[in-house]
Amino acid sequence: MVNVENASEEVVVDKKVSDVFGSSELVKSAGEVLKANIGGQNGVVGNEGVGGGTTEKSVFARVKETLRLFNKHYLHFVQEEEKRCQKEVDKKVSKSSKSKKGIAIEADAKKKAKRPDLKAVSKMIETNAVMYPGKRIGDLSGINVGHQFYSRAEMVAVGFHSHWLTGIDYMGMSYSKVYGNYTFPLAVAIVLSGVYEDDLDNAEDVIYTGQGGHDLNGNKRQIRDQVLERGNLALKNCVEQCVPVRVIRGHESASSYSGKLYTYDGLYKVVQYWAEKGISGFTVFKYRLRRLEGQPTLTTNQVQYVYGRVPQSISEIRGLICEDISGRQEDVPIPATNLVDDPPVPPTDFTYFKSIQVAQNIKIPNNASGCNCKGACMDPQTCACAKLNGCDFPYVHRDGGRLIEAKAIVFECGPNCGCGPHCVNRTSQRGLKYRFEVFRTPKKGWAVRSWDFIPSGAPICEYVGVLMRTEDLDSISDNNYIFEIDCLQTMRGIGGRESFTIDKVIQGVVDAEPTIDFRGDLEMYQCQQLQTDGPDDQKLESVPEFCIDAGSTGNIARFINHSCEPNLFVQCVSSSHHDLKLARVMLCSGQHTPLQELTYDYGYALDSVTGADGKIKQMACYCGAADCRKRLF
């Protein structure tokens, strides 16, 4: 507990950081920083007992929201970089080699990237979106031992470690009025990432080399003496005042966009410091850190095993009952395992199809006219499909294609477009590209987990089954595999789905294709009615005209379970036609997803499902999330 009423001294910002971001927002008063840090949005962050407070589980949700916002900004800046690189490539590539532009652009974007991660952090700081803007001693609520960050910038975005480059994060003299019993500077966190040649990491016991004096070209060698100031002095003060520091370990990771994976390994006490001649003959400061007792088990070794080791052959898969449930329809086999049932049984009573099957009484609209682009869509100002998306492409090339942010509807290029299959605006049409496993659970039936790291915004799979009219279903309440196609519901954020502004969607389509007559489209008519008349319960509760029944026919999506804190989200996509009632239903990654179970929010409202007898049906939820509602419906 600290008194922040009279704290007014300015926080002195590291000059290197301010030079990088160039933002005056980085310099705030200590009072402003700590009020934001302690007060949060609803009083205190976590359950620390000030101003009404929130519960611990809501803090975990806020961490996820903060990281999602960072990734949204990051992908926007990635898109800017790809546009910039495209313009540079256009100047160099002759008209005779236009077909090679797509590959050249992606390669050049990686080569000449202008740190979109740092731009995203700057945006977070400018908009006061950093969750913990002030520095704190000890653990931070919502970030447990074992939490993984996929770049240094993500740690800065949350406020877990506020330097994107420096290994030691510390409080400056400006915090002395708030923490009056301490001597400053005072370290709060360090990153162990193998930058210094004199580091010695023995897991529970660490010899950490102070900052400064090493070659920035990446060869780890010291080229001058270190000085006892700034971070080095801050760690020395931790020794003398028994202040623990957060230790984050960085490891090489091909799956992370930064090339490294950062794992929080808990609080360590700085027990000793000294100066000595290092391997290269220059003076370095050494700090012995010892992990505090009573914390969760050290995770880094297990992380490297669990997240870096997947079965290399069929014989290594425990509980294997089917080598490929798709019957070789998918490019990547989907094994099924069962370590629950005795005897183990595979998924039964369904036929695998990788594409939608259409009921006989449904007529799919004619293919839309499409764009006139050649090879790949490049200019969103001239691409007819990009105009439907507000004169922009919804995806970036990075990591095989990622959706920048969830939208009410994504209009992709279709059969009549001039572009080819590698166009960025066909990202969701490329089928499965990650390795999945269908596995049996004790309480939730079958489930799906990934063998690969999946970046945020990546399309996972389409929800496949039989496309049919909702009125033709025998009993919706007895079929747990029905997905109602309701872009209207998705736009309005009903039942846990993303919330969007309808008028922007309508206006974007009308502006792009004013000749399209939507008067005969019931879905657009409903949108227009809601736009003019406002919503009412009767309109929102109306049953969608079409649905997808994956009860007896479907793909891997039918096995993906519900969660109250999902890592996937639902995205409506229109490609071959523009009838919103018949939009394709895609599941996309809502956050960086390592090797873990995939889930999305089914969108049920409590007490919304009734049986044939008219009585309300209930189903328990076993998702295990901190914010679990305990009931699916």
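1. The model is predicted: local features need pLDDT of at least 70, side-chain atom pairs count only at pLDDT 80 or more, and totals for chains, interfaces and linings use all residues. Residues are numbered from 1 along each chain as its sequence is written, and side-chain values use heavy atoms, leaving out hydrogens and water.

2. Strand β3 spans residues 186-192 (strands are DSSP runs of E, at least two residues, numbered from the N terminus). Seven of its seven residues are buried, so β3 is largely enclosed by the rest of the structure. Buried means under 20% relative accessible area with a 1.4 Å probe, protein chains only.

3. Strand β2 (residues 168-171) pairs with β3 in the antiparallel sense over four bridges; pairing requires at least two DSSP bridges. Here Ile168 faces Ile190 in β3. With strand β6 (residues 244-252), β3 runs parallel, joined by four bridges, and Ala189 is opposite Arg246 in β6.

4. Aromatic pairs number 13 (Phe, Tyr or six-membered Trp rings with centres within 6.5 Å; planes under 30 degrees apart are stacked, over 60 edge-to-face, the rest tilted). Tyr150 and Phe453 make a tilted pair, 4.7 Å centre to centre with 45 degrees between the planes. Tyr150 lies in the loop between β1 and α6 and Phe453 in the loop between β17 and β18, so the pair ties together parts 303 residues apart in sequence. Tyr150 is buried at 5% relative accessible area, and Phe453 is buried at 12%.

5. The charged end of Arg449 sits over the ring of Phe439, 3.9 Å from its centre (the rule: NZ of Lys or CZ of Arg within 6 Å of the ring centre and within 35 degrees of the ring normal). Arg558 likewise sits with its charged end over the ring of Phe350, at 4.5 Å from the centre.

Note on methods. Buried means under 20% relative accessible area, exposed over 50%, partly exposed in between (1.4 Å probe, protein chains only).
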